Amino acid sequence: MAISQELYPSQDDLLYEEELLRNPYSLKLWWRYLIARSDAPFKKRRTIYERAVKALPGSYKLWYAYLRERLELVRNFPINHSEYETLNNTFERALVTMHKMPRIWILYLQSLTEQRLVTRTRRSFDRALCALPVQQHDRIWELYLVFVSQKGIPIQTSLRVYRRYLLYDPTHVEDFIAFLIESELWQEAAERLASVLNDDQFRSIKGKTKHRLWLELCDLLTKNATAVSGLNVDAIIRGGIKKFTDEVGRLWTSLADYYIKRSLFEKARDVFEEGMQTVVTVRDFSVIFDAYAQFEESMLAIKMEALGSDEEEEDEEGENGRMEEEGSEEEEEDVRTNVDLSVAELERKILHGFWLHDENDVDLRLARLDHLMDRRPELASSVLLRQNPHNVEQWHRRVKLFEGNPTKQILTYTQAVKTVDPMQAVGKPHTLWVAFAKLYETHGDIANARVIFDKAVQVNYKTVDNLASLWCEWAEMELRHKNFKRALELMSRATAEPSVEVKRRVAADGNQPVQMRLHKSLRLWTFYVDLEESLGTLESTRAVYERILDLRIATPQIIINYALLLEEHKYFEDAFKVYEKGTQIFKYPHVKDIWITYLSKFVKRYGKNKLERARLLFEDAVKAAPADAKKPLYLQFAKLEEDYGLAKRAMKVYDEATKAVPNHEKLSMYEIYIARAAEIFGIPKTREIYEQAIESGLPDKDVKTMCLKYAELEKSLGEIDRARGVYVFASQFSDPRSDAEFWNKWHEFEVQHGNEDTFREMLRIKRSVSASYSQTHFILPEYMMQKDQRLSIDEAKDKLKQAGVPEDEMAALERQLAPAISDTPSKDSNRKVGFVSAGIESQTDGGIKVAENHEDIELPEESDSEDEANVEIAQKEVPAAVFGDLANKRKDSEDNEGGDKDDESRLGALDRIKRLKKV
């Protein structure tokens, strides 16, 4: 065979060829040669590769590059091309020296897998596993498993390969199980999955939990019940039910499905019933019940369809049977001796006509389905009670399910009182006993109701109130049946104190039942008292009340009820003694109602006959009461003095009340004080009270309110200057920006009673106060502007001066007008600057001492706002009594002047100001 001309070395190859002749075993020279001829045809490069690997058969680099090029060459050829066989031979030649190189094996095995050469590929995988060390088997097994998982590989081959792989790495058993399930080999899959679950050391590489594996096994067993044998499916699933409580409903339905698949329908029903009787969650119960109902419905539907087809067949067989019977009436054959009959035919002929073998059981199945639906509420109640058997409310709901069936209700109550532990009960356990007894009562069986109550009161409850409620219910039952004497006996028995012997025995035992504390139950005693008041005598009722007081369990209401009972029977002094006991037993605020009732009853009973005793009672009551509870007592005390005592004492009581009540009630108390003083002693008497109120330390808001009322009083008495002085004093508490009402009232006052000078003075004070408030609020911290601090204007100005803020001219003028208090010591150091006294507590200068100001402030014409100019001032004559002798002198001077002056004198303050501006 002639060699192609292109395979001969060219002129460019001579350099490499000469080098290789000198050193044919140099890998570097061969590699340089191949790189230089990278663009040459593959045939020429193949020749170079063959010469290189022949010279260096142990070179991994040359073999790997050669095999990669051959793989790229055959990639576009079909798998039955001859080049594939050449490639395989090349791989085989390479593996003679490269059998320890995993990459060569991987390339070879991937190529064989693509060529679909099953046997050759399997043997090559086995050779690779034998040739390579164990540490590198992972790389081969990965390809091996991909190969055996392909379609067309015999199942037995795949099974053997997987089993060998599990001997190498048992942790991948889940892959084998998935392969078995995919291959529908249910038996071995179930066995492998069961062995995994039984292995406590197993850890899933896929992150599956034991719970998930259990569910997979249950699904596998139930869906393929007929294909899996040799495993105790019932025991496996029941084990999962005990171990995994969150999927109990699903596991029970899986077990029932297993028996349904095996046509064991009655066994499946037993499983459903057992599941509904054991689950403890409503969700699991709903899963089981729905599956059970669906099973019964499907069975009924199948039976009805089968019954319809069987009727048609029976009609045809009936005609044939009648013809056969007519021919064989004379000789009757014994079917038991006929060996030619099949088992089905023998069973049909023997059991034909037998009622237990009747296949028409549709009515039975319908009744079974209806019974299941009717039982659902009862079964659901059982589930809830299994969650907590001590839930009293659930037991009551269960009894309501059997309404109309007294027998079932009695059985349910009996089970409830036996099951519920009063110490662990959720709810009130005594209500079960009460409802149980009322069930007998509604059916007229009083004797058994008493037996139930007698047993109920012997139970040790968690609280005394539960036991007391039982005794009260028992007595109420006796009252409903007119057994009054028996009801009183029951209450006497319930409230009896245990004997010393019983107490000693219980103390030795160490566990004190509630029956030992029952005699101190307030609820029981209250009920007993009501019974005695309704059915008993006065002496017996008093004995019960006294017993309550001795036990020290009385409440204020019981004290009041006891006293009212004695008053009804004309035992007034005894009633007052009961009130006295109540005031000694209780403290405020509980004793408040007792004091009020006691005082009102005492005053109503004795009036002025025992006035000194009443006064002592009121003084004791006021002394014991806290500040916020003294006001009604003082008002009641003052009413007593007004009605039966002295007016002077009443005023003294009011005066004490204004000092004793809290700050927020002082204003209302002073208003009452002033109203009563004005009614009794006349209006002039109230001046002293007004001054006392203003100087008593009221909050600023209340001081301003009191000043306004005082000013109205003075205005009504014609004391205009005194009223104006009160307005001047109150102005320091009124910010013009937020309290326009005060300044409007002063404005109206000046319009009606003032003149030009007083009106200008009011405007000056308004600007001064407004400036003081604006600077105070701008500089002072927020906490110093709170109402409870009551920061005066003078103190604010001192703070501003310390802070370096210059004092304005209006503020300086205000200081000049203020009296020098330090030069003239006052009798009352707390007296506020600028306040006009009524003469009760005298001042040296009798009011505001105005210093002569030589530097008059000239107000410009534009100083008065346009709004003030447009205000219409009502003109009203000032009473002559206000001016005194000055009025007479003015009248004489007006007579000497002309008529023009007469008109001018009657002008108001605003008109006079306008006239001066025009001039």
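Both Trp-141 and Tyr-165 are buried (under 20% relative accessible area; exposed is over 50% and partly exposed in between, with a 1.4 Å probe and protein chains only). The model is predicted, so local features need pLDDT of at least 70 and side-chain atom pairs count only at pLDDT 80 or more, while totals for chains, interfaces and linings use all residues. Residues are numbered from 1 along each chain as its sequence is written, and side-chain values use heavy atoms, with hydrogens and water left out.

A search of the whole structure returns 29 aromatic pairs. Rings of Phe, Tyr and Trp (its six-membered ring) pair if their centres lie within 6.5 Å; planes under 30 degrees apart are stacked, over 60 edge-to-face, and the rest tilted. Trp-141 and Tyr-165 form a tilted pair, 5.2 Å centre to centre and with 45° between the planes. Trp-141 belongs to helix H8 (residues 137–148) and Tyr-165 to helix H9 (residues 155–168), so the pair ties together parts 24 residues apart in sequence. Helices (H or I, at least four residues) are DSSP runs, numbered from the N terminus. Ring pairs also join Trp-141 and Tyr-165 with Phe-125, Tyr-144, Phe-147 and Tyr-168 in a cluster.

Phe-272 and Phe-295 form a tilted pair as well, at 6.0 Å centre to centre and 35° between the planes. Phe-272 sits in helix H15 (residues 265–278) and Phe-295 in helix H16 (residues 282–327); the pair links distant parts of the chain, 23 residues apart. Phe-272 and Phe-295 are both buried.

Charged side chains also meet rings. A charge sits over a ring if NZ of Lys or CZ of Arg is within 6 Å of the ring centre and within 35 degrees of the ring normal. Lys-61 lies over the face of Trp-31, 4.5 Å from the ring centre. Arg-542 lies over the face of Tyr-571, at 5.5 Å.

The structure holds zero disulfides (pairs of cysteine sulfur atoms within 2.5 Å). Cys-130 counts as exposed because its relative accessibility is 70%. Cys-218 counts as buried, at 0%.

Helix packing was also examined. Helix H24 (residues 464–480) and helix H27 (residues 522–535) pack at an angle of about 20°, their axes 9 Å apart. Axes are lines fitted to C-alpha atoms, for helices over the stretch in contact; angles run from 0 to 180 degrees between N-to-C directions. H24 and H27 are therefore roughly parallel (under 35 degrees; over 145 is roughly antiparallel, 65 to 115 roughly perpendicular and the rest oblique). Residues in contact (heavy atoms within 4.5 Å) include Trp-471 and Cys-472 of H24 and Phe-527 and Leu-531 of H27.

Terms used: Helices (H or I, at least four residues) and strands (E, at least two) are DSSP runs, numbered from the N terminus.
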